[in-house]
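These are my notebook entries on one protein structure.

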Amino acid sequence: MLTLRPLPLATLALSLTCCAAVALAAPAPARADLPPPVQPVITPPRVLRTAQAELPAELIAELAADAVVLLELIVGVDGAVTEAHVLEGLSPELDAAALAAIQRFVFDPARRDLEPMAARIRYAFSFALPQVDAGPQLPPLGTITGVIRSHEDAPVASAQVLIVSRDEAVVRRVTTAADGRFEFEMLPPGTYDVRVTIPDADPLVYEEEVLANEATDLVYRLPAPPPPEEEEEEIVFGAEAVVDPPPREITRRSIRGEQLRTIPGTAGDALRAVEILPGVARPPFGAGALIVRGSAPGDSEVFFEGVSVPLLYHFGGLKSVINSRLLEGIDFYPGNFSSRYGRRTGGILEVSLRDPATDRFHGLIEASAIDLSFIAEGPITENFSIAVAARRSLIDLVFDAVVPEDIGVVAAPVYYDYQLFTSWRPNPRDRLRLLFYGSSDRFALNIEDSFGDDPAARGTASLTSRFFNQQLIWDRQVDSRTEQELAVTFGPIQARFSLGQLGFRGTFRQIYSRYERRMQINEHVRVLVGSDVFITPVKLTYNGPQLGQSEGGGSDSAPLAGRETVNVALDTVVVRPGFYLETNIDADPMRFVLGTRVDYFGEINQWVFNPRLSVMASATDTLRFKAAAGMYSQPPEFNESNSSIGNNNLEPIHSAHFGAGVDWDFHPGMTVGLEGFYKPLWNRVVAIEGGVEPYFENGGRGRIYGMELSARINPDDGAYVGYLSYTLSRSERLDHPNDPDAQWRLFDFDQTHILTLSFTYNLPRNWSLGGTVRIVSGNPSTPIIGSVYDALNDVYIPIDGRTNSQRNPLFHRLDVRVEKKWIWDSFQLAFFLDIQNAYNQANQEGLIYNFNYRQSTQINGLPIIPAIGIRGEL
């Protein structure tokens with residue numbers, strides 16, 4: 001008789017929730033024309049090793065030949081007896097001897113298909129030999145013990161070690177101790193795959209032989225890690241693979257660990273560290289937009305654990321929407337990115353999440369002049385852990401005290417975000433993560449009558465942006481060479497703007513799913529196959545002037561008064577499925593990655609096919625050459641393809657990425673890289689001249705080319721860390737190629753030179769001091785060369801000169817960070833000062849004109865922003 005051990009209600013509820021989220025619905029009633037559903041194969045426990053009952057001689061002499069004690073046992077997933085009690089006994093002495101002996105028994109656990117599970121069984125313990133009633137005895141068992149050491153021979157703690165027998169009957173996982181050791185006991189003889197996984201490194205797989213009655217002691221020494229920032233040896237296109245991940249991008253720039261939070265000028269925010277990387281342009285006013293290699297902000301995308309998120313930063317770009325201390329790292333792909341990613345022609349930023357702490361409970365509170373935040377995390381059970389975090393801005397509390405009373409615009413930005421992350425390992429093969437996270441920003445403007453001369457731009461203005469996501473991630477190790485991942489996300493995105501009678505209100509209920517399977521075909525070939533689906537019900541209303549070209553629209557300084565207004569109400573569903581395949585061929589010293597991606601854009605009923613190829617050659621252990629080429633496509637914006645205010649016959653926008661470069665690890669802890677790139681664009685969406693229906697058309701072209709230099713210094717002793725990045729590039733657009741008078745113009749955010757130097761030194765007594773210098777070419781702008789008077793609306797209409805024919809002055813800024821830590825056994829306290837724009841440079845971001853556009857005044861960017869704070873951590 002086999003009785004399954006009942007699950008706790010909380011575990012059962014979580015299991016049901018996970019099953020619903022991955023669409024594993026219960027089978028419908030059987031029909032006559034369908035085969036019956038496949039039932040799982042239940043295998044009861046069987047005895048591997050017995051033990052003799054220890055009895056006094058006088059009791060042995062009195063025992064009957066058929067003396068039996070009937071026991072009820074619970075056999076755990078590891079084959080050990082976890083509970084035992086007597087159902088039918090003989091005497092107190094004999095019952096106690098039987099219970100003591102059964103605790104030393106070893107079972108092969110019960111299984112559902114091949115998965116070990118706990119089971120309740122009845123067992124007749126006989127005092128006569130043999131004491132086995134569950135099948136023939138198996139051969140004697142063996143043991144594997146070992147230690148994991150780094151390339152510097154230091155023990156590696158908290159590494160995950162997985163052992164899988166060739167027939168997959170044995171699957172066990174352990175974590176290395178503080179001395180790096182691990183142990184697997186009671187293993188049936190045979191061949192096993194041993195898989196070692198540590199954070200921020202590729203997993204390692206070894207083949208070992210277990211012999212009967214022998215203990216095998218092993219030493220696994222990890223290879224030296226690659227430089228963590230300039231990990232450009234990755235020549236394939238995706239984020240980190242799980243099954244022996246090969247290099248998959250020719251350019252992947254990564255920053256991990258504590259370095260994410262100590263870069264000066266980021267106010268301790270990890271995601272703002274991307275600003276120091278090559279290829280990243282500076283957005284005006286610190287707006288937080290991601291501008292990559294001369295592409296528009298909407299051409300790039302941010303992924304959180306493989307799923308697209310709508311926002312990266314709060315208003316003003318001061319902080320990101322995810323607490324940095326919950327992150328494992330960020331990977332930035334400025335071009336030639338993996339076929340895992342589609343629907344974008346710019347760059348990709350992938351944010352990876354660490355699991356909540358499993359050793360004990362931890363807590364952190366941080367307060368600064370910008371915001372207040374907290375984190376609490378720790379284990380609930382041995383296999384289940386949780387992390388909770390929240391943050392709220394404090395800027396609105398001090399805003400009135402710092403804004404001059406005579407200013408015409410009063411802004412009070414308020415933001416908050418929250419995260420609740422859980423991680424559960426129900427067995428050695430599976431990991432389930434349930435993530436809840438969201439963000440909200442409100443930005444209010446009170447525009448006085450004296451603010452301007454545009455009667456339509458007066459009154460109360462407000463801007464609100466929010467999103468709330470729920471995400472399920474299921475990782476499963478199918479076998480030692482195959483892994484799969486399923487991620488499902490859903491949640492609303494809200495955006496609202498109003499100014500007098502003008503306004504926009506949109507609700508997007510995003511549903512995003514991704515499934516991937518990663519397979520090690522043989523020693524030289526790895527395959528990644530997957531799909532992602534983007535489904536978004538959209539409801540929006542818009543009341544305002546006809547929207548123009550999203551980029552290259554000139555000065556855009558004309559008053560709102562006198563413009564024709566449109567009213568749009570949209571209620572639709574956008575469906576964008578994608579499918580991708582990558583093959584990695586390792587032909588040492590060459591590596592090739594062939595990728596392909598197919599996407600469907602439902603709003604314009606168009607399919608696209610994007611092939612991609614990357615190649616890397618290792619000349620020496622420290623010198624690598626790389627090259628890549630690929631196709632990338634994206635759909636038009638909603639307003640451009642909507643039939644009310646746009647053209648629903650538009651086609652996708654296309655770009656090709658070409659890149660080549662070299663990486664050189666010229667000294668331990670020192671890396672330098674040089675890369676050139678070229679990106680042609682075609683089928684760009686541009687406004688029809690004269691603003692007539694259907695308002696937009698394909699046909700615009702573009703070209704982007706340049707080079708990037710990067711360097712990193714990070715010695716093994718961690719005394720200091722330094723970054724250098726320099727980008728030289730040019731980004732141009734041709735809006736109407738068929739017009740004989742059309743000329744190439746600069747892209748709105750073209751920045752010829754982008755130089756960033758960042759250095760942090762760790763001083764004695766837990767002090768650290770660092771600085772970041774950024775020198776960037778000013779953004780292009782369109783001059784106003786005159787104006788005409790509109791008597792009907794009593795306003796002047798500006799006359800633009802050539803689009804983007806002038807530039808703002810050179811931008812330069814110094815950021816400084818000082819931090820002091822006090823460290824005790826179970827508590828840390830830190831004080832920090834992070835100053836942005838330390839010498840209060842008045843960097844020009846644009847011009848504002850008087851009523852007739854004959855006089856102008858410089859608009860400056862953000863002034864000095866000192867962020868003083870304190871942090872306590874358990």
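**Entry 1**

I began with strand β10 (residues 142-149), which pairs with β16 in the parallel sense over seven bridges. I take strands as DSSP runs of E with at least two residues, numbered from the N terminus, and I call two strands paired if DSSP finds at least two bridges between them. Within this pair, Ile148 stands opposite Tyr220 in β16.

The model is predicted, and I note that local features need pLDDT of at least 70, side-chain atom pairs count only at pLDDT 80 or more, and totals for chains, interfaces and linings use all residues. Residues are numbered from 1 along each chain as its sequence is written, and side-chain values use heavy atoms, with hydrogens and water left out.

I then looked up the whole sheet: it is open, has three strands in the order β13-β10-β16, and its pairing is mixed. β13 (181-187) and β16 (215-221) are the edge strands with a single partner each, so one side of each has no neighbour in the sheet. Neighbouring strands here are turned by 15° against each other on average, direction ignored; the axes are lines fitted to C-alpha atoms, and angles run from 0 to 180 degrees between N-to-C directions.

**Entry 1: a four-stranded sheet**

I found a further open sheet, of four strands in the order β12-β11-β14-β15, with antiparallel pairing. Its edges are β12 (171-175) and β15 (204-210); each has a single partner strand, so one side of each is left without a neighbour in the sheet. From one strand to the next the twist averages 20°.

I also looked up the contact of β11 (residues 160-165) with β14 (residues 190-197): the two run antiparallel and are joined by six bridges. Val164 has Asp193 in β14 as its bridge partner.

**Entry 2: aromatic pairs**

How many aromatic pairs does the structure hold? I noted 27. Rings of Phe, Tyr and Trp (its six-membered ring) pair if their centres lie within 6.5 Å; planes under 30 degrees apart count as stacked, over 60 as edge-to-face and the rest as tilted.

Phe304 and Tyr437 form an edge-to-face pair, because their ring centres are 5.0 Å apart and their planes stand at 70°. This pair links distant parts of the chain, 133 residues apart: Phe304 lies in strand β18 (residues 301-304) and Tyr437 in strand β27 (residues 430-447). Phe304 is buried at a relative accessible area of 2%, and Tyr437 is buried at 1%. I use buried for under 20% relative accessible area, exposed for over 50%, and partly exposed for values in between (1.4 Å probe, protein chains only).

Tyr600 and Trp607 make a tilted pair, with 4.8 Å from centre to centre and 45° between the planes. Tyr600 is buried at 17% relative accessibility, whereas Trp607 is exposed at 52%.

**Entry 3: a buried loop residue**

Leu277 sits in the loop between β17 (253-256) and β18. Is Leu277 buried or exposed? At 2% relative accessibility, Leu277 counts as buried. Between Leu277 and Tyr723 I found 446 residues of separation in sequence and 8.5 Å in space, C-alpha to C-alpha.

**Entry 4: residue Phe831**

Phe831 belongs to strand β48 (residues 828-836). With a relative accessible area of 40%, Phe831 is partly exposed.
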